[in-house]
Each structure stands twice: as structure tokens, then as C-alpha cells.
Amino acid sequence: MGYKKEVIKTLYHFEKGWKVAQSLFGESTIGESRSRECSARFKSGDTSLESKSGRGRPSNFDDQIYYIGRNSRKYSMTTVPKVLITRNDIPKEAIMLLQSRCSVEVWNKPSPIPREELLKRIKGKNAVYCLITDKINVELLDAASPDLKVVGTMSVGHDHIDLPECKKRGIAVGNTPDVLTDAVAELTIALLLATSRRLMEATKEVTNGGWANCAWGPLWMCGTSVCESTVGVVGLGRIGFAVAERLKAFKPKTILYAGNKAKIEAAEKLNAKFVPFDELVKQSDFIIVCAALTPTSKGIFNLEAFKKMKKSAIFINTSRGGLVDHEDLYTALTTGIIKAAGLDVMEPEPLPTDHKLTKLPNCVLLPHIGSATLETRTIMALLTSKNILAGLDGKPLPCPL
């Protein structure tokens with residue numbers, strides 16, 4: 001009878017623990033499976049718990065649920081921070097990290113959460129895990145107030161966040177700088193080469209019969225070489241510097257850069273020359289944009305700027321679409337003002353499939369994939385989660401804005 005009584009007691013605690021765990025961490029998360037995610041969640045919790053065998057902390061999922069049940073009053077009284085993640089295709093490691101300490105609600109589609117849903121679901125949340133597609137403005141902050149404590153954006157750019165308003169309300173904001181520098185620099189070089197050597201056009205010639213009909217014409221599909229050229233980088237921050245470092249391997253004659261001020265390391269490591277913006281666009285064979293989007297830089301590449309460029313100039317933008325007037329760029333590309341352009345960023349995003357730029361053979365368009373390597377996106381995702389957890393703990397964020 002004693003054994004039977006002990007079994008009934010164990011089952012009682014296990015069932016109670018299951019219900020408490022579901023209420024704290026979400027039924028969908030707990031009910032999926034007896035997975036390592038759940039195991040990690042409970043293992044990172046109360047270190048004073050003892051396993052049923054008396055050998056320390058709960059070592060498996062059943063023990064962890066059992067002890068939540070046995071200590072259900074304490075767990076029921078625990079305040080678990082609530083976090084909203086605005087899409088479901090975030091690297092799982094980042095979601096698991098948040099789930100280890102928080103009640104996490106994830107928008108259930110691999111696409112940006114609709115605005116009305118974001119405004120509805122943000123209510124009562126202590127943190128939001130967002131991307132550049134999510135506008136964190138007064139409207140959203142009012143909908144969340146006063147519970148929202150921290151905003152984590154999985155991006156370097158933060159023009160989608162009203163930073164002054166967040167600061168006024170005491171809401172911590174973190175982003176993911178540095179970790180994507182190499183990935184974006186690599187993509188920038190790839191885009192420059194694809195544009196200058198006409199790789200997208202050349203690929204089509206293989207399948208449309210153009211190759212067969214060219215009869216090996218000596219000037220067929222010729223592009224522009226970086227070697228012995230003048231390259232101008234607008235914005236020599238982390239990414240701009242990394243791009244210029246990689247370009248040195250292609251042996252350009254001159255590297256110019258424009259920005260807020262001259263940088264000693266640019267002269268020492270790159271042999272690059274600091275020049276005014278107007279001089280850079282006039283002298284450069286390649287203009288590479290790595291600048292931040294600010295009220296003063298918005299639309300800086302307009303028809304006036306394009307007209308100052310060489311007719312043979314190739315324009316590359318991997319920073320922010322808002323820096324460029326796309327109507328003026330279209331005019332420049334179709335009237336021979338400049339030779340070609342390669343864009344990884346546009347405005348709006350995504351660019352409409354029938355946009356005029358998509359019809360041009362001398363305009364290479366990529367869907368904002370600058371940081372799109374698995375390694376980089378996973379690091380970015382984890383850093384976003386770490387920013388959020390630090391903010392919830394009232395600690396300095398690893399990467400504050």
C-alpha cells in the first residue's frame with residue numbers, strides 16, 4: 001500500500017507540475033514534446049531543487065515537471081517576463097534562450113507580423129524581439145505601455161525605432177552591430193563584381209541563345225575592371241572599412257572615402273584619401289555606399305549627384321535604400337548618365353515586382369541579403385535575445401543604442 005500511495009502522490013505532483021509549466025511557459029511550447037528545449041528551460045531555473053533520487057538538480061524532463069508540481073505554489077507566484085517575437089523563422093537557438101527564462105509568444109508565420117496584430121499582441125509584453133520591418137513608434141509604445149521594458153532589434157540599422165521616444169519612456173533598446181560586418185562586406189564585393197562584370201546578363205546569355213550567336217565577339221559581354229580604377233566609399237564605418245580592405249586585393253589605383261571626418265587608420269591601413277562628397281562622386285569609377293540613413297543623408301543620391309558622376313561610373317548600395325532617389329537612379333541608368341548600378345537595399349522593401357528598375361539589364365537587384373549567412377544570422381539572433389534578457393534584468397545591454 002505504501003508503494004501505491006507513493007505512486008499516486010508522484011502522479012499528482014507530475015500532473016500539477018505540467019499544468020503550472022503550461023501556464024508559465026505556454027501550452028504550445030510545453031506540449032510539443034519532451035524536448036531538450038524544455039529540459040534546458042527548467043535546468044536553468046531553481047538550483048535548490050533536488051531530484052527524486054536525492055542526487056541534486058532535476059536531471060530529466062520528468063523530474064523537472066515533478067518538482068515544479070511539488071513546488072507549484074512557489075512557481076505559480078513567480079513573475080515570468082513576457083516577450084513577443086514578431087516572426088517565427090528566427091534561429092531556434094535564440095528562441096530557446098528566451099524560453100529558458102521568459103514566456104515567449106511568437107508570431108506564427110515566416111513573414112512580418114501585420115501592424116494590427118503587432119499592436120494587439122504587444123499589450124502586456126515586457127519585451128519585443130523585432131526586425132527592420134517592424135515600426136517601433138509612439139503608436140506601438142502607447143499600445144504596450146507601461147509594461148514594455150526593452151526592445152531588441154535583429155539588425156544594425158535602427159531607423160525603424162523611435163529612439164528618443166524609447167529613451168523618454170525608459171525603454172532600453174539594443175541592436176546587433178559588428179557581428180554582420182564581414183558578411184555584408186563580402187556581399188558588397190560580390191554585388192560589385194556581379195554588376196561590373198555583368199554576371200546576371202551573362203547568365204541569361206547562356207540560356208537564351210546569346211552565347212551561341214555571339215561568334216566570340218571580342219567586345220561581347222565586356223565589363224569594367226576594378227584593377228587600376230578609382231574606388232569611392234561613402235561612409236567608412238565598420239562595414240565601409242571592411243569593404244575597402246577586401247578591395248585592396250583587386251589592386252585599385254586609388255581608394256577615396258567621404259564621411260563625417262578623416263580617419264587615421266584609413267590612411268595607415270588602406271592608403272585611402274579623405275575627400276568631400278562631391279569630389280568623390282566626380283572622381284570615382286565605382287561608388288560604394290556604406291553610410292547610415294539619417295535625416296541629412298536621406299535621398300543624398302539624387303539626379304544632381306548622379307550627374308556629377310562619370311558616364312562609366314558603377315553605383316553600389318548595400319546600406320539603406322532611403323539614401324537613394326530611385327526615380328532619379330532610373331533616369332540616370334536609362335539616359336546614360338551612369339553605366340550601371342547594383343542594389344541590395346531599396347525603398348520600399350520588398351521592391352514591387354513590376355518596379356521600373358527590375359526591367360533594366362544594367363541594374364542588379366538583390367533582396368536585402370547583406371548579412372544572410374547562417375553563421376551571421378544565428379549570432380545576430382542570439383545577440384538580440386541577450387540584449388532582451390539583460391534589459392529585463394535591469395543590466396547594461398551588450399549592444400545598447
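I counted a salt bridge wherever a side-chain nitrogen of Lys or Arg comes within 4 Å of a carboxyl oxygen of Asp or Glu. I kept in mind throughout that this is a predicted model.

**Entry 1: Asp278 and Lys308**

With that cut-off in hand, I looked up Asp278 and Lys308, whose side chains meet in a salt bridge at 3.1 Å, N to O. Asp278 sits in helix H15 (residues 277–283) and Lys308 in helix H16 (residues 303–308), so this pair ties together parts 30 residues apart in sequence. I also checked accessibility: Asp278 is partly exposed, at a relative accessible area of 34%, and Lys308 is partly exposed too, at 26%.

**Entry 2: the wider search**

How many salt bridges does a search of the whole structure find? I got 19. I noted one network of salt bridges, which links Glu105, Glu117, Lys120, Arg121 and Lys125.

**Entry 3: a pair from that network**

I picked out Arg121 and Glu117, which form a salt bridge with their closest N and O atoms 2.8 Å apart. Both residues lie in helix H7 (residues 115–121), and their spacing of 4 residues is about one turn of the helix. Is Glu117 buried or exposed? I found Glu117 buried, because its relative accessible area is 17% and the cut-off for buried is under 20%. Arg121 is partly exposed, with a relative accessible area of 25%.

**Entry 4: Asp182 and Arg246**

Next I looked up the salt bridge of Asp182 with Arg246, where the closest N and O atoms are 3.0 Å apart. This pair links distant parts of the chain, with Asp182 in helix H10 and Arg246 in helix H13, 64 residues apart. Asp182 is partly exposed at a relative accessible area of 45%, and Arg246 is partly exposed at 25%.

**Entry 5: how H10 and H13 pack**

That pair sent me to the two helices themselves. H10 (residues 181–196) and H13 (residues 238–247) pack at an angle of about 50 degrees, their axes 9 Å apart. That angle makes H10 oblique to H13. I noted the crossing of H10 and H13 as right-handed.

Which residues meet there? On the H10 side I listed Thr181, Asp182, Val184, Ala185, Glu186, Thr188, Ile189 and Leu192; on the H13 side, Arg238, Ile239, Ala242, Val243, Arg246 and Leu247. I sorted the residues of this contact into 8 nonpolar, 2 polar and 4 charged.

Technical notes:
Residues numbered from 1 in each chain as written. Predicted model: local features only at pLDDT ≥ 70, side-chain atom pairs only at ≥ 80, totals over all residues. Heavy atoms only, no water. Axes fitted to C-alpha atoms, helices over the stretch in contact; angles between N-to-C directions. Parallel < 35°, antiparallel > 145°, perpendicular 65-115°, else oblique. Left-handed = near helix turned anticlockwise from the far one by under 90°. Contact = heavy atoms within 4.5 Å. Nonpolar A, V, L, I, M, F, W, Y, C, P; charged D, E, K, R; others polar. Buried < 20%, exposed > 50% of the residue type's maximum accessible area, 1.4 Å probe, protein only.
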